[in-house]
Amino acid sequence: MFSSLSLHTIIHVAVALLFPPLLLGVINRVKAVFGGRRGQPLLQAYYDLWKLMHKDSVISQTTTWVFLFGPVVSLATGILVALIIPLGHASAPLAFAGDVILAVYLLGLGRFFTMGAALDTGSAFEGMGSAREATFACLAEPVLFIGLLVLAKLTGSFSMIDVLGDGVAEAWSGATVALLLVLVSWFVVLLVENSRIPFDDPNTHLELTMIHEVMVLDHSGPALGMILYGASLKLFVFAALLVRLTGLAATGNPLADWGIFLTGTIVVACLVGVVESAMARFRLPTIPAALVGAGVVAFFGFLLVMIEL
Amino acid sequence: MTNELILVSGIGAILSGIPAAVLPARFRIGQALSALVLVFANAVGGYAVFQRLIQGPQAAVTFPSPIAGARLIVDMDGLSAFFLVPVLLVTAAASVFGLEYWKSSEHPQSFRRVPLFFGIMSGAMTLLVVAQDGLLFLAAWETMAVSALILVAAEDHIAETRRAAWLYIAASHFATLCAFGVFTILRSMTGSWEFGVIENAHGPLAAIMAALAFFGFGTKAGIMPMHVWLPSAHSQAPSHVSAIMSGVMIKMGIYGIVRVSTFFPDIPLAWGGIVLGLGTVSAILGVAFAIGQHDIKRLLAYHSVENIGIIVMGLGLALIGRATHQPAWIVLGIGGGMLHVWNHALFKSLLFLGAGSVIHTMGTRNMEVMGGLAKRMPWTANCFLIGAVAICGLPPLNGFVSEILIYTGLFRVLQDTPQGPVQAAALAAPGLAVVGALAAACFIKVVGVVFLGAPRSDRAATAHEAGRAMVGPMLVLVLCCVAIGLLPAACVPLLDTMVTSWTVGADGIPSVGTEFYLTPITIMAGLLIALCLAGCLALRWRGIADAPRGLTWDCGYAAPSPRMQYTSSSFAEMLVKLFRWALQPVVHAPSIRELFPQRARFESHVNDTVLEKAVMPAVRGGLWLVRWGRYFQNGSLQAYLLYILAIIVFLFLWQ
């Protein structure tokens with residue numbers, strides 16, 4: 001299961017732990033450029049994390065231990081998933097056969113306790129947020145799975161390091177359309193899972209219209225820091241899935257692969273920023289329709305693979 | 001010796017209720033003695049299972065049967081041994097729970113018959129799974145079904161309970177009728193009632209037998225269109241009875257299907273496809289119906305429909321594997337499905353016991369008046385939370401292990417077949433993903449509305465923790481859930497024995513442990529727990545324990561009231577709307593016409609669509625068709641005896 005402690009493993013762990021907050025800075029910078037502003041420093045998320053870790057917190061008197069366990073679990077599961085998926089090299093520190101399913105379910109566990117922490121406060125708004133999160137997760141998760149089925153079929157494996165490994169690069173020549181469809185549907189999943197416009201607006205002023213942000217209204221100090229860090233890890237994980245799916249980071253030259261991978265995640269972050277700047281938020285009732293649409297797109301990809309091979 | 005031991009265990013369990021039924025109620029010694037006898041009998045049974053695992057197959061115990069020319073056979077094979085584990089464990093735990101939950105002082109009208117029939121039902125299930133012939137099987141089956149009826153109707157002064165009991169016994173007798181059909185066909189094909197592979201099982205008769213088994217036993221198990229009896233029976237029964245009904249009794253339906261599937265030397269591909277398809281439908285719609293419920297036990301009951309669906313999916317995959325001769329699919333499908341039988345028995349009985357503990361102090365099953373119970377009953381709340389994580393199939397607990405086996409099997413379908421319609425089976429994998437996400441939504445709703453937040457009623461604000469006899473059994477079940485989640489490899493020997501016994505005579509069947517390497521799950525679970533512990537320690541180190549306490553932030557509103565919280569219905573509203581084509585929710589919403597609207601009420605219910613829109617009309621239609629038969633059904637015993645005599649005379653003449 002564990003690959004020997006090679007250089008790639010060390011780089012993997014370092015990148016997975018240190019790189020994610022940068023993506024938040026990139027998104028903000030892109031949005032600032034579109035808005036004609038100078039924007040925050042690129043490293044703002046790191047400063048925020050540092051600041052939050054040193055702050056005191058206030059806790060709602062309604063809450064139990066679940067309230068603080070939510071941030072801990074969402075961070076822990078984020079870290080584990082980042083160590084399961086391949087990054088700049090077709091290997092991962094915690095890879096094993098079947099880890100595809102574990103990765104999805106770990107994200108589900110993080111979501112479960114985030115929703116629990118929100119309900120623990122007894123606030124109407126946080127309950128609203130967790131109800132929406134729960135609903136959209138039910139629609140987003142199968143989309144992710146259909147994509148994984150397509151990849152499992154093409155690569156003949158169900159371990160993340162093969163499914164998103166070098167085999168994908170070869171598969172592009174045979175199943176271009178199918179993989180493109182998966183790519184599109186996964187980008188939608190990335191936007192939903194990371195609470196981005198057009199599905200959710202992390203910067204809105206009305207608690208009533210939020211999904212993810214409203215669930216963490218009561219967290220403060222280090223717990224909020226954990227949530228922020230966990231969210232950046234989740235964004236990084238999904239960006240990494242997309243970059244690996246393109247198969248570009250498989251040139252054979254290790255240095256070039258890591259370079260392409262890191263650039264790729266930044267490009268994904270830029271794309272998210274562009275979408276956020278160019279689109280308005282969907283009305284809440286249209287979100288399920290958009291997600292079902294993404295599922296249908298992914299399903300077409302699945303049918304293509306079934307027929308082509 | 002193992003077969004004699006298990007026989008002793010079963011008979012001991014059947015007799016265990018006698019002390020409670022005859023001893024004076026004052027000292028509660030009868031109830032305690034009954035529980036003790038049942039626990040001891042089940043411990044003997046557990047020892048027998050352990051010996052069977054070590055010693056391998058033993059000589060069967062046979063008795064002459066009351067029907068000439070047949071014999072009753074008791075033999076614990078791998079399949080029996082596997083199903084015995086949840087039967088013995090869960091009934092013992094639930095009987096201890098019942099000591100405090102069903103006190104003689106609180107239930108003067110039923111405290112004698114509940115332990116009596118609880119024991120009979122437990123022992124009947126033990127005998128049911130070790131029976132190796134149709135006669136003993138049917139006897140045990142009917143004993144189980146009838147004692148369950150008396151347990152469901154424990155509070156028969158409530159009209160709703162009586163209705164639930166009638167519905168249950170009607171469905172149960174449909175199942176029994178089908179079972180009679182199955183064993184009659186078995187007898188006509190092999191000339192004996194004894195279980196075994198039917199060499200000449202081909203043609204329409206075999207198909208009828210398979211269909212009778214699937215739909216009959218499937219009714220008992222609660223597979224989707226046949227689940228109609230399950231929600232009301234599970235919610236009306238006493239909670240410790242619901243725990244064994246949902247945890248173990250409906251698994252006897254699964255056992256029936258699995259056992260009958262060993263009779264056929266080869267399985268047509270279509271059977272596997274139908275089973276997998278109905279399993280998926282059952283899983284998705286079961287959890288969808290669960291989301292719309294306000295009654296905590298009805299909600300848990302619909303989750304049984306969902307989990308039975310997952311088990312049946314595993315079975316369907318294994319049948320497809322047998323039809324296409326793919327050992328890996330067989331092992332992963334039956335291994336995952338049957339491990340889910342264990343897991344569901346553990347976490348669902350845990351959840352029903354937890355719900356029982358809540359109902360015991362709240363006096364109602366309606367979740368909308370609960371809230372904030374975690375502060376007042378922390379043991380129950382934490383046990384329930386662990387059960388909830390387990391039932392959602394989330395790591396690091398046991399539900400995840402069985403689901404990952406089924407997932408792996410479904411992924412293997414895609415990889416092992418180059419082409420063909422069989423590949424469509426893999427589509428059950430995204431179906432399972434939907435089920436997982438919906439179950440998580442549903443259970444965070446239950447945990448959030450019942451245990452977290454602020455109390456929604458005075459009763460919830462003054463709730464109290466359950467006593468030791470109720471918390472103890474829950475803790476035992478929690479330990480089992482955690483143990484299987486952390487060390488799944490420990491289940492492999494018993495799983496392999498079960499697979500060998502299910503695939504009678506087949507060669508080249510690998511071990512579950514080699515088809516799916518389970519050690520990484522242990523390592524990942526350990527890492528997950530370690531990381532969470534580290535995170536908690538980090539928060540402590542940052543002084544979170546002494547953090548000042550304040551009001552919940554409600555957008556600056558300084559006096560939030562518990563009534564402003566999201567309720568169970570509001571949490572579920574969007575999901576219920578997504579599934580309204582199946583759920584058909586009944587909504588009474590106020591229509592606001594004036595400028596200053598008066599006080600208004602909003603209500604929404606999700607009733608059982610299948611029961612109301614399909615089964616009841618069909619039953620009414622059927623009654624209309626056979627209305628002339630009412631002439632013979634006149635309620636007079638003498639007339640019925642006359643009919644029997646007439647039929648026997650006719651049979652003699654016809655011979």
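What is the accessible surface of chain A, and what share of that surface belongs to carbon and sulfur atoms? In this predicted model, the accessible surface of chain A amounts to about 10,600 Å², and carbon and sulfur atoms contribute 70% of that area.

The secondary structure of chain A comprises 13 helices and 1 strand. The C-alpha trace of chain A extends over about 55 × 45 × 40 Å along its principal axes.

Among the contacts of chain A with a separation of 6 or more, 79% are formed by residues 24 or more positions apart. As to charge, chain A carries 14 positive and 19 negative charges; the mean position of the positive charges lies 8 Å from that of the negative charges.

For chain B, the description concerns domain organisation. Chain B is divided into two parts: domain 1, which consists of the segments 266-505 and 513-541, and domain 2, which covers 614-654. Taken over C-alpha atoms, the centres of domain 1 of chain B and domain 2 of chain B are separated by 44 Å.

Definitions and conventions. Residues numbered from 1 in each chain as written. Chains lettered and ligands numbered in written order. Predicted model: local features only at pLDDT ≥ 70, side-chain atom pairs only at ≥ 80, totals over all residues. Heavy atoms only, no water. Helix = DSSP H or I, 4+ residues; strand = E, 2+ residues; numbered from the N terminus. Contact = heavy atoms within 4.5 Å. Areas by Shrake-Rupley, 256 points an atom, 1.4 Å probe, with all protein chains shown as cover. Lys, Arg positive; Asp, Glu negative; His and termini not counted. Charge placed at Lys NZ, Arg CZ, Asp CG, Glu CD. Domains from an automatic or database assignment.
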